[in-house]
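Here is a short briefing on one protein model. It covers a helix, its aromatic contacts and a pocket.

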Amino acid sequence: MDKSTICDCDVLPLSKIHNRAGNITIVEGHVNVPFSIRRIYYLYDIPGGESRGGHAHKELYQLIVAASGSFDVLLDDGLNKKIIRLNRPDYGLLVVPGIWRELFEFSSGSVCLVLASEKYDEDDYLREYDYFKTWKSKDNV
Ligand code: TYD
């Protein structure tokens with residue numbers, strides 16, 4: 001993969017089946033997201049004013065969904081930044097490897113659902129911003 005940029009991160013529409021009893025959204029690997037889904041986790045009970053993330057991944061792809069409520073996601077490729085507000089359970093933000101992300105402005109009771117391409121691996125994290133910038137400026141994604 002070429003060096004990733006924030007332009008490679010996109011809000012993807014997900015399938016939604018609606019009837020009078022409510023909605024259902026389905027996410028399938030290689031159908032709605034361009035990776036196999038190997039792990040799911042979700043953030044909830046996030047205290048007001050709190051932020052999450054504050055790291056990048058070397059190889060992990062993720063789809064971030066506001067399953068309930070809303071929050072902002074800051075994306076940073078070391079050169080450019082953008083903030084995306086997620087507030088619909090039938091849309092997901094694709095975050096590719098090599099992108100620093102921060103999640104904040106969580107609404108009360110919000111749930112952040114994350115579908116990930118790999119099992120948990122602490123070695124895949126870049127947790128120091130300066131180190132991320134150095135890593136990014138080298139021959140990495
Ligand atoms: P982290 O990814 O840093 O959370 P966030 O980006 O939401 O702020 O993870 C928080 C803690 O949970 C950290 O100690 C690692 C652990 N963790 C796992 O053990 N497995 C997982 O799949 C995830 C996502 C986190």
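Contact here means heavy atoms within 4.5 Å. By that criterion, the buried residues of H1 pack against S5, strand S7 (71–76), S10 and strand S12 (125–126). This is a predicted model: local features need pLDDT of at least 70, side-chain atom pairs count only at pLDDT 80 or more, and totals for chains, interfaces and linings use all residues. Residues are numbered from 1 along each chain as its sequence is written, and side-chain values use heavy atoms, with hydrogens and water left out.

**Helix H1**

- Helices (H or I, at least four residues) and strands (E, at least two) are DSSP runs, numbered from the N terminus.
- H1 spans residues 129–137, and Phe-132, Trp-135 and Lys-136 are buried in it. Buried means under 20% relative accessible area, exposed over 50%, and partly exposed in between (1.4 Å probe, protein chains only).
- Seen down the axis of H1, the buried residues fall within an arc of 95°, so they line one face of the helix. The arc is taken from the directions from the helix axis to the C-beta atoms.
- Asp-130 and Ser-137 are exposed, on the face of H1 turned away from the buried side.

**Aromatic pairs**

- The structure holds 7 aromatic pairs. Rings of Phe, Tyr and Trp (its six-membered ring) pair if their centres lie within 6.5 Å; planes under 30 degrees apart count as stacked, over 60 as edge-to-face and the rest as tilted.
- Phe-35 and Tyr-61 have ring centres 6.1 Å apart and planes at 35°, so this pair is tilted.
- Phe-35 lies in the loop between strand S3 (22–26) and S4, and Tyr-61 in the loop between S5 and S6, so the pair ties together parts 26 residues apart in sequence.
- Phe-35 is buried at 4% relative accessibility. Tyr-61 is partly exposed at 25%.
- Trp-100 and Phe-132 have ring centres 5.6 Å apart and planes at 40°, so this pair is tilted.
- Trp-100 sits in strand S10 and Phe-132 in helix H1, so the pair ties together parts 32 residues apart in sequence.
- Both Trp-100 and Phe-132 are buried. With Tyr-129, they form one aromatic cluster.

**Largest pocket**

- The largest pocket holds about 200 Å³ of space.
- Of its 14 lining residues, the closest to the centre are Tyr-41, Leu-43, Arg-52, Gly-53 and His-55.
- On a 1 Å grid over the protein atoms alone, a pocket is an open set of points where a 1.4 Å probe fits, with protein on both sides within 12 Å along at least five of seven lines; lining residues have an atom within 4 Å of a point.

Key. Grid points are joined across faces, edges and corners, and a volume is the space filled by probe spheres set on the points.
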